[in-house]
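This briefing covers strand pairing, helix packing and a few individual residues. Please keep the sequence and the structure at hand while reading.

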Amino acid sequence: MRFWPEAPTGAEPGPQRRWDVRLSVPPASSAASPGALGAPLCLYSTAAHQRSTGDECHVDDAPEEQTQALTIRMLEIRSSKLEEQVRDLTERYQKALADSDTVRRRTQKFVEDAKLFGIQSFCRDLVEVADILERTASGVAAEAPGGRGPSLQRLCEGLALVQERLQGVFAKHGLEKMRPVGGRYDPYDHEIVCHVAAEGAVPGTISVVKQEGYKLHGRTIRHAHVGVALETQER
């Protein structure tokens, strides 16, 4: 290093003087040398700085990883809740479809029954007229078993035609007369009013009909009054 002294105030300019300052550097082996300690200290400080910088990076990365993990967990919980809601809504939708289909089928059945059985009350009243007509025809035929006059003959033929025509109308609209004689007793179709001796009939079967029964499209609208054959005990 070199230093040039300043000229004193008021002094005449003269030749400049130069001072040489030299710094001696001791050998590297000297333990007390500042230079000998300077290099390791510089290395140590650099390594420490790098470690502190790395620690700061790891410290900064840790909260970010925790935040990402927390976000993923919250999204998973939200996804599971949404899936549960979708399942619940799907079940409700399917149940609503099933209920609406049941209501539709019931309504359709009610409409069909109304079309088929809307005349049920009318048929009940009409079969009573058929009973009166049948009894009248049977009475007229029983009063004159032998010779019949022309007028009585025409009356019997007319009553027979009316009965035949009436039964044809009944069949057209689904009203049918039961034929229970010889069949088994059915509480849904028959009503027992008496018991009669078997006399060749199978015991437990219907052997006599006191009042005709009728069905409308397979539904019983009037039970048949019947007599059931019983086996007689010989003494």
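Predicted model: local features only at pLDDT ≥ 70, side-chain atom pairs only at ≥ 80, totals over all residues.

Lys177 stands opposite Tyr214, a residue of strand β6.

- Strands β3 and β6 (residues 214-216) are joined by three bridges and pair in the antiparallel sense.
- An open sheet is formed by three strands in the order β3-β6-β7, with antiparallel pairing.
- At its edges are β3 (175-177) and β7 (219-222), each of which pairs on one side only.
- From one strand to the next, the twist averages 35 degrees.
- Helix α2 packs on this sheet and touches β3, β6 and β7. The direction of α2 makes about 55 degrees with that of β7.

**Helix α2**
- The helix covers residues 120-143. Its 24 residues should span 34 Å at 1.5 Å a residue, and the end C-alpha atoms are 35 Å apart, so the two values agree.
- Its buried residues are Gln120, Cys123, Val127, Ala130, Asp131, Leu133, Ala137 and Val140.
- An α-helix has 3.6 residues a turn, so residues three or four places apart point the same way.

**Gln120**
- Gln120 belongs to helix α2 and counts as buried because its relative accessibility is 12%, under the 20% limit.
- Beyond four places in sequence, Gln120 contacts Leu216, Arg219 and Ile221.
- The side chains of Gln120 and Arg219 are joined by a polar contact of 3.5 Å.
- Gln120 and Leu216 are 96 residues apart along the chain, yet their C-alpha atoms are separated by 7.3 Å.

**The nonpolar core**
- The largest nonpolar core has 15 residues. Phe170, Leu175, Tyr214, Leu216 and Ile221 have the most contacts inside it.
- Two or more residues of this core come from each of α2, α3 (150-172) and β6.
- Helix α2 gives the largest share of this core, six residues.
- Ile221 touches Gln120, Cys123, Arg124, Leu175, Tyr214, Lys215 and Leu216, leaving aside residues up to four places away in sequence.

**Strand β8 and its partners**
- Strand β8 (residues 224-230) has seven residues, and five of them are buried, so the strand is largely enclosed by the rest of the structure.
- Strands β4 and β8 run parallel and are joined by seven bridges. His190 has Ala224 of β8 as its bridge partner.
- Strands β5 and β8 run antiparallel and are joined by four bridges. Gln211 stands opposite His225 of β8.

**Thr205**
- Thr205 is in the loop between β4 (190-197) and β5 (206-211).
- Is Thr205 buried or exposed? Thr205 counts as buried because its relative accessibility is 7%, under the 20% limit.
- A polar atom of the Thr205 side chain lies 2.5 Å from the backbone oxygen of Val202.
- Not counting residues up to four places away in sequence, Thr205 touches Gly182, Gly183, Arg184, Gly227, Val228 and Ala229.

How values were computed
Residues numbered from 1 in each chain as written. Heavy atoms only, no water. Expected span 1.5 Å × (residues − 1). Buried < 20%, exposed > 50% of the residue type's maximum accessible area, 1.4 Å probe, protein only. Polar contact = N/O pair within 3.5 Å; in protein donor to acceptor, adjacent residues only side chain to side chain. Contact = heavy atoms within 4.5 Å. Pairing = 2+ DSSP bridges. Axes fitted to C-alpha atoms, helices over the stretch in contact; angles between N-to-C directions. Core = buried A, V, L, I, M, F, W, Y, C linked by side-chain atoms within 4.5 Å.
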